[in-house]
Amino acid sequence: MRTRRSALTFLAVAAVAAVFSGCAINQAQEVDMGKNYSTQIAKQLRLVQDPDITAYINFLGDSLARLTERRDLEWHFEVVDDVDVNAFAVPGGYIYVNRGLIERSKTMAQVAGVIGHEIGHVVRRHSVKQMQKAQGANLVVTAGCLLSRVCDGSLGQTAIQLGGGLVFSKFSRDDEAEADAEGVRLMVRAHIDPHGIPEMFRILLDERKQTPGVTESFFASHPLEENRIAASSALIATYPAGDLKGLATDSPFFQAFKKKLSALPPPPKKKN
Ligand SMILES: [Zn+2]
């Protein structure tokens with residue numbers, strides 16, 4: 001029940017923000033929405049509070065975010081103290097990476113790849129576009145209405161997923177491809193090896209085969225299949241060899257960050 005109530009609160013924020021915005025959601029409104037979301041998320045999820053962990057994830061995130069055309073956004077990066085493998089972005093530049101995902105990664109480039117992909121969703125305003133589309137169809141009226149539509153599935157692809165008590169957009173395959181492309185572009189510009197993206201996909205898909213439950217929320221919002229590994233590798237291969245030379249795959253700072261994260265007390269077990 002707690003989960004449902006949390007989802008409702010979250011939806012209420014989304015609906016109010018969307019209704020408030022009129023037809024198109026501008027940047028100031030998007031940022032306001034992101035702030036509201038981040039407040040809800042801070043209440044509903046356990047965020048890692050360790051200052052070293054927060055400092056590193058923001059350092060890594062900013063090294064990519066400052067290279068986007070939306071560098072004017074105030075970007076925020078958080079590690080969620082959750083063993084499930086997940087990462088997500090909310091509008092306005094708030095990116096969340098689960099502890100479970102970081103612990104399964106091997107290199108800095110793999111985590112940078114996931115962050116780059118999530119930044120890509122924000123840069124291309126995928127969630128905002130979905131909200132606008134939903135508004136255009138007069139679907140976002142009240143939280144109750146939106147929730148019932150989500151529950152009976154009538155909102156389809158533009159709908160918002162209920163996962164882990166929160167609500168996330170389900171991205172289309174085109175959105176995923178765009179976010180991957182943006183991630184690869186940012187990584188190359190930041191001198192980080194973009195192969196981290198297909199490598200992390202491989203880890204996620206393997207994990208899904210072994211323990212499907214822990215990756216569920218990631219796959220619910222980010223459709224990911226074998227062919228995306230090939231597609232992102234093919235995209236990387238289109239870059240001039242010179243651009244891909246000498247890019248960083250790992251760093252001692254990342255390994256220290258990972259070690260410190262693993263040494264933190266384990267997150268409390270979930271009730272459900
Ligand atoms: Zn995605």
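Axes are lines fitted to C-alpha atoms, for helices over the stretch in contact, and angles run from 0 to 180 degrees between N-to-C directions. Helices (H or I, at least four residues) and strands (E, at least two) are DSSP runs, numbered from the N terminus. The model is predicted, so that local features need pLDDT of at least 70 and side-chain atom pairs count only at pLDDT 80 or more, whereas totals for chains, interfaces and linings use all residues. Residues are numbered from 1 along each chain as its sequence is written.

**Figure 1. Overall view of the predicted protein.** The protein has 13 helices and five strands. Of its 272 residues, 42% are buried; a residue is buried if 20 or more other C-beta atoms lie within 10 Å of its own, exposed if 12 or fewer, and partly exposed in between, with C-beta atoms placed from the backbone. Two residues are in contact if their C-beta atoms, placed from the backbone, lie within 7 Å. Among contacts with a separation of 6 or more, 72% join residues 24 or more positions apart.

**Figure 2. The crossing of helix 3 and helix 5.** Helix 3 (residues 51-65) and helix 5 have axes that come within 10 Å and cross at roughly 55°. Helix 3 is therefore oblique to helix 5; angles under 35 degrees count as roughly parallel, over 145 as roughly antiparallel, 65 to 115 as roughly perpendicular and the rest as oblique. Helix 3 passes helix 5 in a right-handed crossing; a crossing is left-handed if the near helix is turned anticlockwise from the far one by less than a right angle, and right-handed if clockwise. On the side of helix 3 the contact involves L60, G61, L64 and A65, which meet V111, A112, I115, G116 and I119 in helix 5. By class, this contact of helix 3 with helix 5 holds seven nonpolar, two polar and no charged residues. Ala, Val, Leu, Ile, Met, Phe, Trp, Tyr, Cys and Pro count as nonpolar, Asp, Glu, Lys and Arg as charged, and the others, Gly among them, as polar.

**Figure 3. The largest nonpolar core.** A nonpolar core is a set of buried Ala, Val, Leu, Ile, Met, Phe, Trp, Tyr and Cys residues joined through C-beta atoms within 7 Å. The largest nonpolar core has 44 residues, of which I95, V97, V111, A112, I115 and I119 touch the most other members. Helix 5 (residues 108-123) gives the most to this core, namely nine residues. When neighbours within four places in sequence are left aside, I95 is in contact with G61, F77, A89, I115, E118 and I119.

**Figure 4. Helix 8 against helix 11.** The axes of helix 8 (residues 173-189) and helix 11 (residues 226-237) come within 10 Å, crossing at roughly 40°. The two helices are therefore oblique to each other. Helix 8 passes helix 11 in a right-handed crossing. Helix 8 contributes E176, A177, D180, A181 and V184 to the contact, and helix 11 contributes R228, A231, S232, L235 and I236. The contact of helix 8 with helix 11 has six nonpolar, one polar and three charged residues. E176 lies in helix 8 and counts as buried because 22 C-beta neighbours are inside 10 Å. The C-alpha atoms of E176 and H126 are separated by 9.4 Å, although the two residues are 50 residues apart along the chain.

**Figure 5. Helix 9 against helix 11.** Helix 9 and helix 11 have axes that come within 9 Å and cross at roughly 170°. Helix 9 is therefore roughly antiparallel to helix 11. From helix 9, I197, P198, F201, R202 and L205 make the contact with E226, R228, I229, S232 and S233 of helix 11. The residues of this contact of helix 9 with helix 11 comprise five nonpolar, two polar and three charged.

**Figure 6. Two loop residues with positive phi.** R125 is placed in the loop between helix 5 and helix 6 (126-136). Its phi is near 55°, a positive value in a residue other than glycine. R125 is partly exposed because 16 other C-beta atoms lie within 10 Å. H191 is placed in the loop between helix 8 and helix 9 (196-210). H191 is not a glycine, yet has a positive phi of about 60°. H191 counts as exposed because it has 12 C-beta neighbours inside 10 Å.
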